[in-house]
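Visitor: I have a two-chain model open and would like to talk it through. Could you show it first?

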Amino acid sequence: MAEGRNLAGVVGLCDDVESLLRAASAVRAAGYREWDCHTPYPVHGLDRAMGLKASPIPAICLAAGFAGAGVALLMQWWMSAVDYPVRIGGKPLYSWPAFVPIVFELFVLFSALATVCCVLVLCRLGRWHSPLHDSDVMRLVTSDRFAVVLRQEDRLFAEQEAAALLARSGCREVRPLYEREEDGSLI
Amino acid sequence: MTPESAVVAVSSLEAGPLVLGEVDFRKLEDDINRPLESFPTRRWWIAISCTGLLAALFVYAFLHTVFTGIGAWGNNNPVGWAWDITNFVFWIGIGHAGTLISAILFLLRQRWRTAIARFAEAMTVFAVICALQFPLVHTGRPWLAYWLLPLPNANGIWVNFRSPLLWDVFAVSTYGTVSFLFWYTGLLPDLATVRDRARHGLRRTIYGILSLGWQGSNRAWSHYEKAYLLFAGLSTPLVLSVHSVVSFDFATSVIPGWHATIFPPYFVAGAIFSGFAMVATLIVIMRKFFRLEHVVTEDHLDVMNRIIIATSLMVGYAYATEVFIAWYSGAAYERYVFVNRAFGHYAWAYWTMVACNVVIPQVLWIRKVRRTVLLLYPVVILVNVGMWFERFVIVVTSLHRDYLPSSWDVFSPTWVDVSLFVGSIGVFLTLMLLFARFLPAVSLAETKAILPGSQPRARQGARPGGDGHG
């Protein structure tokens with residue numbers, strides 16, 4: 001192992017989606033947990049091949065939307081009918097039909113903000129550093145190649161076996177993945 | 001009718017290739033990234049100098065208004081709303097095509113949208129920015145704009161939630177926020193690609209930060225895809241609500257010519273009509289100068305022009321309905337407004353509107369016109385003009401003859417009105433030029449995903465919303 005860098009895992013590179021799907025299914029079948037695929041665009045069927053669970057985002061988004069609608073209705077009721085009632089010709093103070101547009105807008109606003117927060121958290125954004133950069137793999141997977149990464153944190157991980165598994169299951173090129181030691185640079 | 005069959009005419013593109021020629025991922029990336037990675041051409045500098053000057057004119061006219069007061073405009077009593085609100089509605093409408101393309105066509109599984117979606121979304125964001133300037137400056141004291149929000153204050157009073165003007169504050173600010181988030185979320189994977197193509201360290205760092213550390217991980221894609229679908233689902237009713245709420249500003253008042261139940265659908269159709277005309281206006285230039293004719297093909301122009309003619313017919317139908325209802329209602333003031341629109345002081349504006357929005361777009365029935373840049377270009381430009389006049393006709397002709405003949409007056413714009421409007425076009429185009437120079441104007445990830453061979457054979461053409469994108 002070279003000076004100043006640590007083994008982070010093993011990466012297998014594929015040239016086409018068919019072999020990526022084969023490799024992903026094989027890794028999943030072997031029982032790995034700390035692993036991932038990296039692709040330049042979303043590949044149909046890869047979620048199933050990797051055995052990923054459905055994203056919780058829709059439920060969170062819906063809940064946030066109803067929260068937004070509730071906040072909007074409460075706010076308009078309290079401000080217009082309780083705290084600052086404006087009496088005009090005996091018209092009802094809690095005139096809910098007039099409040100519908102803002103209830104709708106805040107439903108959408110809260111859902112959208114919740115969705116973005118979910119993306120930030122669940123997609124693990126805001127972490128600029130990655131071993132894929134250090135091992136020169138990132139520029140491939142954001143362009144035209146597909147990678148399967150087995151990380152050394154996995155309890156099954158052993159460099160030789162992991163590399164052999166990837167090579168056997170259809171990756172055209174298998175490399176060790178290194179991580180630079182912290183040097184203060186962002187990416 | 002199912003959504004699929006409703007757009008069957010449009011989806012004829014599905015039969016042909018979406019990207020022309022022999023294109024692999026690398027070639028596509030090189031083509032789309034060329035404007036970002038090469039020094040700007042002389043044409044770009046000339047263009048941005050012109051639009052920058054206009055933007056400076058906008059800033060000058062804005063400051064002049066703030067320091068002088070809105071008496072610097074031609075507005076008077078009874079024409080209290082004039083070019084300011086006309087421009088506001090015009091720009092908001094322009095933005096609507098962007099959301100339609102990115103959200104509604106995504107839900108309808110129109111894969112051709114990929115080539116123009118990013119560009120149209122950027123247009124939405126910038127158009128909303130332009131639109132917001134007009135109500136802001138119309139307040140006269142823009143630094144007090146936060147008074148529009150329900151914030152606790154020493155007077156113990158609250159904003160009026162029964163006013164459509166306040167609904168507008170919520171609708172437009174939500175629309176601006178959601179459009180920006182949708183656009184930026186869509187940009188993340190492409191910013192990562194630009195980061196990884198960067199040769200210079202600083203460039204790599206800047207795009208790296210902007211990409212938020214996107215790694216193309218499939219665990220991330222899986223959430224991202226769902227989020228994108230949800231954004232499309234949220235934006236679709238949002239875009240319909242925004243122009244409906246804008247139309248309520250007029251429709252809930254008692255001014256003849258404004259007080260009409262047809263306004264919400266009429267405004268939404270008009271917004272899509274004007275927005276597509278603006279997309280076509282700009283994308284024709286972009287594909288030419290950035291040599292992207294194989295990505296944004298004649299088929300794309302054809303489909304956009306079909307939408308333009310469909311919405312033109314809707315708008316024409318709304319004009320006819322308005323006139324019919326004015327006659328049929330028997331209301332004297334309502335009848336007078338429409339006679340006055342067609343034959344009064346502003347008749348030239350009314351007939352400009354009818355000619356540009358209803359008559360001239362009919363040439364788009366001819367296939368050759370839809371597909372030939374030089375023929376379609378004058379048409380879409382005139383649609384932009386016509387839609388501005390539509391808003392002018394609605395706002396000004398109704399106000400300048402109100403119920404009391406003694407208060408009748410005529411509006412004519414001052415140089416400040418003209419500078420603000422022309423300047424806002426400059427602001428918009430400057431932002432578009434900067435966008436085209438610094439960000440990928442066509443979605444790389446989405447376009448890669450529709451290239452032949454990019455998806456597993458068994459699932460080629462699977463549902464975009466399911467677990468694949470585009």
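**Domains and chain A**

Guide: Chain A is divided into domain 1 (5–52 + 128–180) and domain 2 (57–122), with bounds that come from an automatic or database domain assignment. This is a predicted model, in which local features need pLDDT of at least 70 and side-chain atom pairs count only at pLDDT 80 or more, while totals for chains, interfaces and linings use all residues. Residues are numbered from 1 along each chain as its sequence is written, chains are lettered from A and ligands numbered from 1 in the order in which they are written, and side-chain values use heavy atoms, with hydrogens and water left out.

Visitor: What separates the centres of the two domains of chain A?

Guide: The centres of domain 1 and domain 2 of chain A, taken over C-alpha atoms, are 45 Å apart.

Visitor: How many helices and strands does chain A have?

Guide: There are seven helices and four strands in chain A, in the order β-α-β-α-α-α-α-α-β-α-β from the N terminus on. Helices (H or I, at least four residues) and strands (E, at least two) are DSSP runs, numbered from the N terminus.

Visitor: How about chain B, what is its secondary structure?

Guide: Chain B comes to 16 helices and zero strands. Its radius of gyration of 23 Å agrees with the value near 23 Å for a compact globule of 470 residues, and its C-alpha atoms fill a box of roughly 75 × 50 × 45 Å along the principal axes.

Visitor: Now the interface: how many residues are in contact?

Guide: In chain A, 71 residues are in contact (heavy atoms within 4.5 Å) with 63 residues of chain B. The area buried between chain A and chain B, meaning the accessible area (1.4 Å probe) that two parts lose on being put together, summed over both, is about 6000 Å², and carbon and sulfur atoms give 65% of it. On the side of chain A, Tyr41(A), Pro42(A) and His44(A) lose the most area to chain B, together 13% of what that side buries.

Visitor: Which salt bridge does the rule find across that interface?

Guide: Across the interface the rule finds one salt bridge, counted when a side-chain nitrogen of Lys or Arg is within 4 Å of a carboxyl oxygen of Asp or Glu. Asp36(A) forms this bridge with Arg219(B), and their closest N and O atoms are 4.0 Å apart.

Visitor: Which element of chain A gives the most to the side that touches chain B?

Guide: That is α4(A), with 17 residues.

Visitor: Where does Arg172(A) find its salt-bridge partner?

Guide: Arg172(A) pairs with Asp15(A), the closest N and O atoms being 2.3 Å apart. This pair links distant parts of the chain, 157 residues apart, with Arg172(A) in the loop between α7 (159–168) and β4 (173–180) and Asp15(A) in the loop between β1 (5–14) and α1 of chain A.

Visitor: Last topic, backbone geometry: which peptide bond is cis?

Guide: The bond from Asn77(B) to Pro78(B) is cis, with omega near 20 degrees, and Pro78(B) lies in the loop between α3 (42–68) and α4 (83–107) of chain B. In chain A, Arg124(A) has a positive phi of about 55 degrees although it is not a glycine, and Arg124(A) is in the loop between α4 and α5.

Technical notes
The radius of gyration is taken over C-alpha atoms; the globule rule is 2.2 Å times the number of residues to the power 0.38.
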